[in-house]
Amino acid sequence: MRILVVEDDRDVASFVVKGLKEAGHAVEHTDNGRDGLFMAASENFDAIILDRMLPGGIDGLRLLETLRAQDNVTPVLFLSALGQVDDRVKGLKAGGDDYLTKPFAFAELLARVEALTRRGKAEGPTTRLAVGDLEMDLLSRSVRRGAQKIELQPREFRLLEYLMRHAGQVVTRTMLLEGVWDYHFDPQTNVIDVHISRLRQKIDKPFDQPLLHTVRNAGYMLRVEEP
Amino acid sequence: MSHRAQMAGTDGAAGEPRRLRPFIRSAGVRFAVAYALVFGVSAFILAFSIWYSTLGLLQHQVEAEVRADEFGLLEHEGMGGLGALSVAIANRMADAANVNAIYLLVDPTGRPVVGNLDSWPRGLTGVQEWYELPVQRQGVASVALMRATMFPDGSRLLVGRDVQARSELRLILRDALIWAFGIMVALGAFGALLIRSLFRRIIQDVAETTRAIARGELSRRVPVSGVGDEFDELAVVINDMLERLGRLMDGVRQVSNAIAHDLRTPVARARARLEDAALHAHTPETMSAAIERAISDLDGITGIFEALLRISEIEAGSRRAAFAAVDLAPMLHDMDELYAVVAEERGLKLDSSIHGPLPVIGDRQLVQQAVANLLDNALKFSPMNGVIRFQAQRHEQVVEIVVADRGPGIPENERARATERFYRGEAARHTQGSGLGLSLVAAVAQLHGGTLYLGDNHAPDEPNTGLRAVLVLPANVPPPKFVASSLPRRG
């Protein structure tokens with residue numbers, strides 16, 4: 001994927017760029033809003049990571065507003081030290097697709113950026129999801145693995161649906177909290193781990209090959225392990 | 001242009017008014033002048049009324065006497081003609097009681113017949129009218145109040161009284177009143193000065209106190225005289241305000257101390273880990289383990305910052321702009337589902353009863369976070385096999401969300417402080433947590449115009465009491481209509 005990073009903090013930028021490159025992405029970086037706007041408008045990117053506060057007269061919000069005014073729909077993830085609820089709302093209203101507050105874990109950033117680009121592509125109406133031999137029918141709301149039907153609670157169904165829509169990608173706890181439970185804060189209790197382990201009992205335990213993997217220090221991933 | 005006009009105005013006002021202005025600007029002087037004015041005017045009115053009533057009374061008395069005298073004499077004339085009248089006048093003049101009486105009978109040519117005036121006074125021309133004129137009385141000049149009567153033959157009778165003494169009295173009275181007025185004005189001025197100094201003293205008390213506080217002597221208070229007057233009232237009000245400000249500042253100081261301490265600990269821990277790793281880690285594995293733990297310590301610090309920011313954001317009330325009418329019931333059902341599994345995992349039971357609809361005007365996310373904090377606490381403090389009750393229902397005008405556990409609870413004397421930032425009860429001292437959870441719940445309650453109640457969780461069949469936290473929020477329902485059937489039962 002081609003990713004544009006607009007970030008003026010040198011350390012944060014080099015850390016992000018390095019990480020994204022290691023994850024196999026092509027990365028362009030600029031440290032001011034003017035160049036950022038120029039590059040975003042003139043080249044094709046799969047995603048833009050955008051700082052809110054930028055030097056050079058054009059801050060992140062204005063950059064994005066200008067971009068959206070030109071009908072450019074490249075997914076944008078805000079990366080900002082402005083972490084109050086109002087700031088987040090402003091960022092999303094300006095056309096941002098996601099908002100991550102500094103300080104952040106790189107795994108969280110990577111997972112969210114990858115999720116964004118996926119969302120950009122697969123937004124068509126799907127009725128059926130499949131990962132390996134695990135299948136989900138969104139119309140009849142039924143799940144089966146191989147020949148066996150699996151009974152899920154409504155919330156477990158939504159959890160699995162989220163994981164399947166992001167199959168092959170790391171999904172963090174925060175993403176699950178936001179995407180499945182509409183929680184926008186971190187509860188002190190490890191609620192997600194408990195629910196994941198429940199789900200695992202149902203979809204993995206009775207079968208040979210596990211599909212739901214824990215990614216250390218990051219989150220979870222649903223995928224078929226290549227032998 | 002108006003600016004120039006203003007300039008000209010101030011220039012014009014140069015000189016004396018400028019010197020006077022600071023004096024007039026003194027509120028004390030203004031009060032004093034007003035006092036002196038009121039005092040002076042009332043003194044003036046008093047003096048004038050004394051003047052008029054005293055002299056008026058005397059005048060009336062004299063007039064009545066003269067009238068009676070004249071009437072008597074005319075009766076004599078009616079019975080015995082002018083001759084009898086002359087005799088009567090002579091008799092009266094001889095009576096020593098009437099030293100001030102004045103009589104004069106003149107014949108039609110104007111020649112005196114009988115009387116004690118040397119001649120008919122000049123200027124007395126009318127009949128049956130009052131005159132006050134200078135007269136010659138046996139060669140002595142005097143002033144008399146008199147009236148005249150004309151008889152058919154042209155003779156005229158004059159009856160009057162010498163009012164020289166009264167005129168003198170008037171003079172004396174006038175002098176006395178002028179003196180009295182002068183003394184009153186002096187007293188008024190003195191009183192005004194007294195008021196001014198009193199005023200200044202009280203203002204000075206307040207001014208000195210506030211000045212001292214501005215200098216940093218925060219414990220200073222306005223002295224209260226104990227008389228219980230308005231100035232005492234003012235002093236008490238000001239002292240109350242200072243007290244409240246002091247408490248707020250203490251709070252801020254406490255929080256900053258707590259921040260310094262609560263953040264210093266994890267910072268110190270992270271630092272120690274990194275330093276230890278730098279010095280002693282011999283394998284890459286121990287090194288990266290140390291770094292990872294330091295990162296999680298730093299995340300903990302970020303968490304504390306976020307919680308603090310959130311609380312102050314809530315307390316500032318800016319979130320109220322995002323309030324909307326919401327039903328909390330679906331959200332609470334979701335939370336029940338989310339936490340029931342966790343409780344089960346830990347060998348606990350979440351006993352829920354959520355009765356919707358639960359309409360409120362508020363911020364769904366904030367209520368969600370508040371309830372999550374209560375549930376987190378309940379999970380954290382519950383003993384094995386404990387039951388956590390999670391209830392929500394509407395009672396008329398309020399929505400009540402209850403989270404009750406079987407943990408150690410919060411002792412009565414700690415409850416008031418339990419919602420303070422960074423406060424950690426005895427029982428919580430050795431558990432994980434920032435001491436911000438209940439602060440946030442209380443702040444959310446307050447933002448919604450509700451309250452957080454902390455109490456004992458009594459149950460008949462259980463020996464343990466735990467904590468019963470009740471989040472009460474105003475319900476979004478029309479105010480009660482007072483028809484007979486819905487009236488609250490009395491007695």
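Let's start where the two chains meet: the axes of helix α8 (residues 191-203) of chain A and helix α7 (residues 329-345) of chain B come within 9 Å and cross at roughly 80°. Axes here are lines fitted to C-alpha atoms, for helices over the stretch in contact, and angles run from 0 to 180 degrees between N-to-C directions. Helices (H or I, at least four residues) and strands (E, at least two) are DSSP runs, numbered from the N terminus.

Before going further, a word on what you are looking at. This is a predicted model, in which local features need pLDDT of at least 70 and side-chain atom pairs count only at pLDDT 80 or more, while totals for chains, interfaces and linings use all residues. Residues are numbered from 1 along each chain as its sequence is written, and chains are lettered from A and ligands numbered from 1 in the order in which they are written.

Back at the helix crossing, A:V191, A:V194, A:H195 and A:R198 of α8(A) meet B:L338, B:Y339, B:V341, B:V342 and B:E345 of α7(B). Two residues are in contact if their C-beta atoms, placed from the backbone, lie within 7 Å. By class, this helix pair brings together six nonpolar, one polar and two charged residues. Ala, Val, Leu, Ile, Met, Phe, Trp, Tyr, Cys and Pro count as nonpolar, Asp, Glu, Lys and Arg as charged, and the others, Gly among them, as polar.

Now widen the view to the whole contact, which takes 20 residues from chain B and 17 residues from chain A. On the chain B side, α6 (284-316), α7 and α8 (364-381) each supply at least two residues. Helix α7(B) gives the most, with seven residues. The chain B side divides into seven nonpolar, six polar and seven charged residues.

Chain A itself has eight helices and twelve strands. An open sheet of five strands runs in the order β2-β1-β3-β4-β5, with parallel pairing; two strands pair if DSSP finds at least two bridges between them. Its edge strands are β2 (26-30) and β5 (98-101) of chain A, each pairing on one side only. From one strand to the next, the twist averages 20°. Strand β1 (residues 2-6) of chain A is joined to β2(A) by five bridges, and A:I3 has A:V27 as its bridge partner in β2(A). Helix α1 (residues 10-22) of chain A packs on this sheet, touching β1, β2 and β3 (47-51) of chain A, with its direction at about 165° to that of β2(A). Helix α3 (residues 60-69) of chain A lies across β3 and β4 (76-80) of chain A, at about 145° to β3(A).

Chain A also holds an open sheet of three strands, ordered β10-β12-β11, with antiparallel pairing. Four bridges join β11(A) to β12 (residues 219-222) of chain A, and A:H213 stands opposite A:M221 in β12(A).

Finally, how far can you trust the picture? The mean pLDDT of chain A is 88, and 96% of its residues reach 70 or more; pLDDT is the predictor's confidence in each residue, from 0 to 100. Confidence in chain A is lowest in helix α5 (residues 106-121), at a mean of 81, and highest in β2(A), at 94.
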